[in-house]
Amino acid sequence: MEVPVAEKSPEPAAARHIVGVRFMPVGKVYHFDASRLTGLRQDDWVIVSTSRGRQMGQVATLEPPRHGEADGPFKTIERIATNRDLAVKKYWETQEIEAMVIAREKAKALGLEVKIVKAEYSFDGSRLTFLYSAEEKANIDVDPLRSELQSQFKPKIDLRLIGPRDAAKIIGGAGACGLAVRCCSRFLTDFSPISVKMAKEQGLSLNPQEITGMCGRLRCCLLYEYEQYVEARKQLPKRGKEVGTPHGKGKVVDVLPLKDAVLVQVTDMRYEVARPDLTPLAELEAFQKKVEEPCSGNHGCSCGAHKSTGKKRRRRNKPIKSQ
């Protein structure tokens with residue numbers, strides 16, 4: 001289970017060995033101090049102390065965190081998990097489905113509009129956490145459900161509200177695009193903010209059915225090529241702008257960012273023209289107009305051109321004064 005890092009490590013920063021630990025197969029990586037351990041390898045299971053009790057996680061990376069990724073303070077890894085620890089963890093995982101079914105029945109009996117997404121036992125079975133989702137605007141009191149579950153199970157009960165994207169990540173299933181596994185369940189460890197502006201920038205349809213994922217939120221994939229579209233559009237003329245092309249003067253009717261080209265209407269024909277073959281007529285006309293204007297004499301100009309006529313003044317030789 002993913003847990004925040006807290007508690008300062010006593011060793012100086014220069015002597016610490018910081019490693020990344022993951023508590024879910026495709027979950028966020030948290031950093032812990034492994035300075036007290038020797039021979040730690042990637043994919044090793046370790047026991048750590050967290051704000052939610054002692055948990056078992058898997059070493060995801062031995063590389064130190066990048067600047068700004070995790071500034072500490074860091075908790076210390078207690079020890080490497082033993083075979084017995086792994087066997088106990090496996091046993092409690094087999095009990096999670098049954099616990100989730102019971103929790104759903106209890107919630108239904110209490111009339112609570114919540115969806116129990118998953119039940120998670122800590123590796124030693126001392127804590128049982130139920131992850132649930134609910135409508136954003138719904139302010140639901142889950143204390144009655146907690147009391148019912150506490151009377152049903154011996155471990156300490158914890159109820160944690162998660163968002164629709166986290167719920168979709170846990171449930172899994174096919175994506176709206178047709179892939180067998182959703183991106184969030186396959187490789188996404190964090191959810192970035194997504195906006196309709198990203199769909200507009202890529203020229204996508206704003207039909208909610210086409211840009212909404214199975215979680216009911218905007219698709220995470222709208223972010224994948226967004227920056228490339230933004231950078232490409234900066235170099236291309238906008239729609240409606242007049243440009244010069246090898247086929248003659250025309251107007252841009254569509255922008256093709258990933259092709260580094262635009263679609264130009266020339267009389268009654270349309271042509272796909274690459275950016276190097278385009279001539280920005282408005283900028284060219286403005287430049288020619290500026291060249292033809294007389295010198296203003298500003299900015300310390302000393303070309304000698306008259307401010308109104310643009311003609312250079314004739315310099316007269318000054319008489320040499322006699323000594």
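Student: How many salt bridges does the structure hold?
Tutor: This is a predicted model, so local features need pLDDT of at least 70 and side-chain atom pairs count only at pLDDT 80 or more, while totals for chains, interfaces and linings use all residues. Residues are numbered from 1 along each chain as its sequence is written, and side-chain values use heavy atoms, with hydrogens and water left out. A salt bridge here is a side-chain nitrogen of Lys or Arg within 4 Å of a carboxyl oxygen of Asp or Glu. By that rule, the number of salt bridges is 14.

Student: Is Asp-85 buried or exposed?
Tutor: Asp-85 makes a salt bridge with Arg-79 at 2.6 Å, N to O. Buried means under 20% relative accessible area, exposed over 50%, and partly exposed in between (1.4 Å probe, protein chains only). Arg-79 is partly exposed at 29%. Asp-85 has a relative accessible area of 7%, so it's buried.

Student: What separates the C-alpha atoms of Ala-103 and Lys-118?
Tutor: Ala-103 sits in helix α2 (residues 96-110) and is buried, at 0% relative accessibility. Lys-118 is partly exposed at 25% and forms a salt bridge with Glu-120. Ala-103 and Lys-118 are 15 residues apart along the chain, and their C-alpha atoms are separated by 9.6 Å.

Student: Which strands stand at the edges of the open sheet of 5 strands?
Tutor: The order is β12-β11-β10-β9-β13, with antiparallel pairing. Two strands pair if DSSP finds at least two bridges between them. Each edge strand has a single partner, so one side of each lacks a neighbour in the sheet; these are β12 (269-274) and β13 (279-280).

Student: What is the bridge partner of Leu-256 in β11?
Tutor: Strands β10 (residues 248-256) and β11 (residues 261-266) run antiparallel, joined by 5 bridges. For Leu-256, the partner in β11 is Ala-261.

Definitions and conventions: Helix = DSSP H or I, 4+ residues; strand = E, 2+ residues; numbered from the N terminus.
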